Amino acid sequence: MQSAALLDIIRSILAQPTAPFHEDAVRAEILIQLAQCPHVIVERDDFGNVVALYRRGEAEARFAFAAHMDHPGYVFDPGAGEGAKAQGGNDPAGEPAATSYGPVSSTFLGGVPKEYREKNPPTRDFGAFAMWDLPACEMREGRIYSRACDDLIGCSTIVALFRELEERQAEACVYGLFTRAEEVGFVGAIRLAKSGIVPRSVTVVSLETSSEKGGPAKMGEGVVVRVGDRTSIFDAAVTATLVQLAKAAEIPAQRCLMSGGTCEGTAYQLYGYRCGALCVALGNYHNCGPETEIAPEFVSLSDVEGMVKLMVHAVISPEQPDPQEALREKLEKGVAEYARFG
């Protein structure tokens, strides 16, 4: 996919406001984008997650690429009473604390440290929720700056994947999962996993923008094949396969743990799915800029392009031999070679 076409998708999705449990605008834009793909079937589960399936030909789906539609923000809270804490976010006991933007009480949902929130950075009111008053999308020196790269960039790459498959008239089958309320504990992903809508035989690949500080990934040096996150290690064979596919297609890639946060791969894995993960290095994670100032998140456009290329390559390539079997054979040759010493 050309950079201009990918940027059009990214801009259209980043333009939509979002917060946990208020992903309606993002979901509506995704559905508009997917309606342009004649081989994509879309359904919503009873929680409002979007499950999209590209199918052309007789192939069965091997992968489901998953991203979430929300981002930390202030959410109207009908249960917030008088005396609620003034600055929002989580109090020392871990309970959500209330604030006010405009005329309504609200709760900050998502992980932004208190020292950032207590400076009362400007917000933009969207009725039932508010976001930091930051640009929706700006391009500067090859980087995308936005109030919500996490995880609208991931959502954009799934749409780009489907559009690219349509353009190629690819004989393939793949799921795209767009989930709600990830920022408060993977609520949408857990509900989707428990529903069984996506067959357990499908490998789920979590897509994220992940803090460069949790690396050692370097922004601009390629898509990250994510070995694990702060909480979990993902399937070793899936990780090795993604690395192998990137190498075969000459797609710049980095193999890193990325322990700056926990992603939906952990949730899907806990509910019985085989999981891998891809991400791009993220700056100003959750809008946390230098010197406790709220600032736009940013990612490298070239890294995002690489992620889309690797996703496409994974879908259209034949099923790969088990990379662990090749490693096993190599090690066993060593065992045989040195048997005379033992």
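Helices are DSSP runs of H or I with at least four residues, and strands are runs of E with at least two; both are numbered from the N terminus. This briefing covers a predicted model. By that definition, the protein chain holds 9 helices and 17 strands. Helix 4, which spans residues 149-168, turns up several times below.

**Overall shape**

- The protein chain has 342 residues, and its radius of gyration is 21 Å.
- A compact globule with that number of residues would have a radius near 20 Å, so the value agrees with a compact globule.
- Along the principal axes, the C-alpha atoms fill a box of roughly 75 × 55 × 40 Å.
- Buried residues account for 55% of the chain.
- Take the contacts with a separation of 6 or more: 77% of them join residues 24 or more positions apart.

**Nonpolar cores**

- In soluble globular proteins, nonpolar side chains tend to be buried together.
- The largest nonpolar core here has 61 residues.
- Seven of its members touch the most other members: Ile30, Phe65, Phe162, Val174, Phe178, Leu207 and Leu278.
- Helix 4 supplies the largest share of this core, with 10 residues.
- A separate core has 22 residues, including Ala189, Val202, Val204 and Phe234.
- What does Ile30 touch, once residues up to four places away in sequence are left out? Its partners are Ile13, Met69, Cys155, Val159 and Phe178.

**Helix 5 and its buried face**

- Helix 5 covers residues 187-195.
- Its buried residues are Gly188, Ala189, Leu192 and Ala193.
- Seen down the helix axis, these residues fall within an arc of 130 degrees, so they line one face of helix 5.
- What covers the buried residues of helix 5? The cover includes strand 2 (50-56), strand 12 and helix 7 (264-270).
- Gly196 follows helix 5 and has a positive phi, near 75 degrees.

- Most residues other than glycine have a negative phi, and most peptide bonds are trans.
- The peptide bond from Asp150 to Asp151 is cis, with omega near -5 degrees.
- Asp151 is part of helix 4.
- Glu141 is not a glycine, yet its phi is positive, at about 50 degrees.
- Glu141 sits in the loop between strand 10 (138-140) and strand 11 (143-146).
- Is Glu141 buried or exposed? Its relative accessibility is 85%, so Glu141 counts as exposed, the cut-off being over 50%.
- Gln169 also has a positive phi without being a glycine, at about 55 degrees.
- The loop that holds Gln169 runs between helix 4 and strand 12 (172-179).
- Gln169 counts as exposed because its relative accessibility is 52%.

**Aromatic rings and charges**

- A pair of aromatic rings is described by the distance of the centres and the angle of the planes.
- The structure contains 8 aromatic pairs.
- For Tyr338 and Phe341, the ring centres are 6.1 Å apart and the planes meet at 35 degrees, so this pair is tilted.
- Phe341 has a relative accessible area of 61%, so Phe341 is exposed.
- Tyr74, Phe108 and Trp132 make up one aromatic cluster.
- Phe108 also has a charge over its ring: the charged end of Arg117 sits 5.8 Å from the ring centre.
- Arg180 lies over the face of Phe47, 4.5 Å from the ring centre.

**Two loop residues**

- Glu293 is in the loop between strand 16 (275-282) and strand 17 (297-300).
- With a relative accessible area of 43%, Glu293 is partly exposed.
- Glu293 contacts Tyr116, Lys119, Asn287 and Cys288, leaving aside neighbours within four places in sequence.
- Glu293 and Ile316 are 23 residues apart in sequence, and their C-alpha atoms are 43 Å apart in space.
- Asp77 is in the loop between strand 4 (73-76) and strand 5 (87-90).
- Asp77 is partly exposed, at 25% relative accessible area.
- Asp77 touches Ser105, Ser106 and Thr107, not counting residues up to four places away in sequence.
- Where does Ala128 lie relative to Asp77? The two are 51 residues apart along the chain, with 8.7 Å between their C-alpha atoms.

Notes
Residues numbered from 1 in each chain as written. Predicted model: local features only at pLDDT ≥ 70, side-chain atom pairs only at ≥ 80, totals over all residues. Heavy atoms only, no water. Core = buried A, V, L, I, M, F, W, Y, C linked by side-chain atoms within 4.5 Å. Buried < 20%, exposed > 50% of the residue type's maximum accessible area, 1.4 Å probe, protein only. Contact = heavy atoms within 4.5 Å. Phe/Tyr/Trp six-rings, centres within 6.5 Å; stacked < 30°, edge-to-face > 60°. Lys NZ or Arg CZ within 6 Å of the ring centre and 35° of its normal. Arc of directions from axis to C-beta. Rg over C-alpha atoms; globule rule 2.2 N^0.38 Å.
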